[in-house]
Amino acid sequence: MGRRTGIALAMLLTSAAFVAAVPAQADSFAYVSNAASNDISVFRLDGNSGAMTPVGTVPFVGVDKPGSSTPLALSPDRRFLYAGVRSQPYQVQIFAIDAATGKLNHLGSGPLADSMANIVTDRSGKYLFSASYGGDKVAVNPIGPDGKVGPPQQVVATGKNAHSIQPSPDNRFAFATNLGSDRLVQFRFDAATGSLSDNDPPSVALPAKSGPRHIVFHPDGRHLYLVDELDVAVAVFAYDPATGRLTETQRLPSLPADFKGEPWAADIHTTPDGRFIYISERRTSTIRSFRIDPESGQLTPLASVATEEQPRGFNIDPTGRFLAAVGERSDGMTVYRIDGGSGALTPLARYPAGKQPNWVEFVAVP
């Protein structure tokens, strides 16, 4: 064997050994809701390359008029996907998820109390929480073992413009944002009966005209993060699991000092390892990133990247390696690779979605 041939063979074997040593990353299915076309685009995300392969488009059944947005929610066991319809009659479309193919099977629909800007299940999957921006209320619907959603069993009036609601990690409390009255509402939640009641105190006051919009818990369950729609600030709250109370510990602006215009933030998500958090801003069509201190939960601003036009929604895949953002005004989705060390986003590819895409959910392939 010649020297060059031997070197080439050694390099080939070394390369093969390196590839074999790198564990394969799990694929996942991405579900994108499209408000104007009343359907859901389904993709398969390659866990190694980040490439998206279209699986199909699933229309809503019996829905003719488009709504202003289409919030999605997943059951905790990832067997069911729920889509909120914001045109009359207000309802939630219910789909069973095929774990092998990612395809959706329409199971029916259930009534909602109003036009709901946000829906989410409790941690048991037995109840559906929802928040109505125009109706100034939150509601609770029961969910059966078959995934079917029953009529609202409780409707609670809140301050102005209830925009989102989230259960606590232990399922004993729930929190809702009131964008119009600048408050973060604190509920006690009885998981046995599915009922909400005021905590003590019933709400946390926030800066005037901040416009609290979306919230997310850190994976460690000790901190909650909030993005304001109107001033695009990001706030950190310490969460006390014994009392269900939130205490604000940090508030950061996310727009550059020379920004001119009216801010318009939208969504917020953390990586599964809890090291980074991202928000979307619609006026500048950007995704902004922050590093999370593992002990204090405090944030350090990192960077901003351009994304789809008017990014109302985005999400991070279960491995924490990829971020997918959709644009209401671009009808498209861009996938980014997340650098595990720095949190930096690198755009990989862009894909067409339906009309006015606004929400993304991921389900890991078993």
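Is Ala344 buried, exposed or partly exposed? Ala344 is partly exposed, with a relative accessible area of 38%. On this scale buried means under 20% relative accessible area, exposed over 50%, and partly exposed in between, with a 1.4 Å probe and protein chains only.

Before I go on, the ground rules. This is a predicted model, in which local features need pLDDT of at least 70, side-chain atom pairs count only at pLDDT 80 or more, and totals for chains, interfaces and linings use all residues. Residues are numbered from 1 along each chain as its sequence is written, and side-chain values use heavy atoms, with hydrogens and water left out.

Back to Ala344. The residue sits in the loop between β26 (332-338) and β27 (345-352). Strands here are DSSP runs of E, at least two residues, and helices are runs of H or I, at least four residues, numbered from the N terminus. With neighbours within four places in sequence set aside, Ala344 is in contact with Arg337, Ile338 and Asp339; contact means heavy atoms within 4.5 Å. Arg288 is 56 residues away along the chain, and its C-alpha atom is 9.8 Å from that of Ala344.

Asn38 lies between β1 (28-34) and β2 (39-45), and at 7% relative accessibility Asn38 counts as buried. Which residues does Asn38 touch, leaving aside its neighbours within four places in sequence? They are Pro59, Phe60, Val63, Asp64, Lys65 and Pro66. For Lys65 there is also a distance: a polar atom of the Asn38 side chain lies 3.2 Å from the backbone oxygen of Lys65.

A search of the whole structure finds seven aromatic pairs. Rings of Phe, Tyr and Trp (its six-membered ring) pair if their centres lie within 6.5 Å; planes under 30 degrees apart count as stacked, over 60 as edge-to-face and the rest as tilted. Phe60 and Phe95 form a tilted pair, 6.3 Å centre to centre with 40° between the planes. The two are 35 residues apart, Phe60 in the loop between β3 (52-59) and β4 (72-74) and Phe95 in strand β6 (residues 91-97). Phe60 is buried at 8% relative accessible area, and Phe95 is buried at 0%.

Why is the pair of Phe217 and Tyr239 edge-to-face? Because the ring centres are 5.3 Å apart and the planes stand at 80°. Phe217 belongs to strand β16 (residues 212-217) and Tyr239 to strand β18 (residues 233-240), so this pair ties together parts that are 22 residues apart in sequence. Phe217 counts as buried at 10% relative accessibility, and Tyr239 counts as buried at 7%.

Elsewhere, ring pairs link Tyr127, Phe129 and Phe189 into a cluster. Arg282 lies over the face of Trp264, 3.9 Å from the ring centre. The criterion is NZ of Lys or CZ of Arg within 6 Å of the ring centre and within 35 degrees of the ring normal.

Last, a sheet. Four strands form an open sheet in the order β12-β13-β14-β15, with antiparallel pairing; two strands pair if DSSP finds at least two bridges between them. β12 (162-167) and β15 (195-205) stand at the edges with a single partner strand each, so one side of each is left without a neighbour in the sheet. From one strand to the next the twist averages 25°, with axes fitted to C-alpha atoms and angles running from 0 to 180 degrees between N-to-C directions. β12 pairs with β13 (residues 173-178) in the antiparallel sense over five bridges. Pro167 has Ala174 in β13 as its bridge partner.

Key
Polar contact = N/O pair within 3.5 Å; in protein donor to acceptor, adjacent residues only side chain to side chain.
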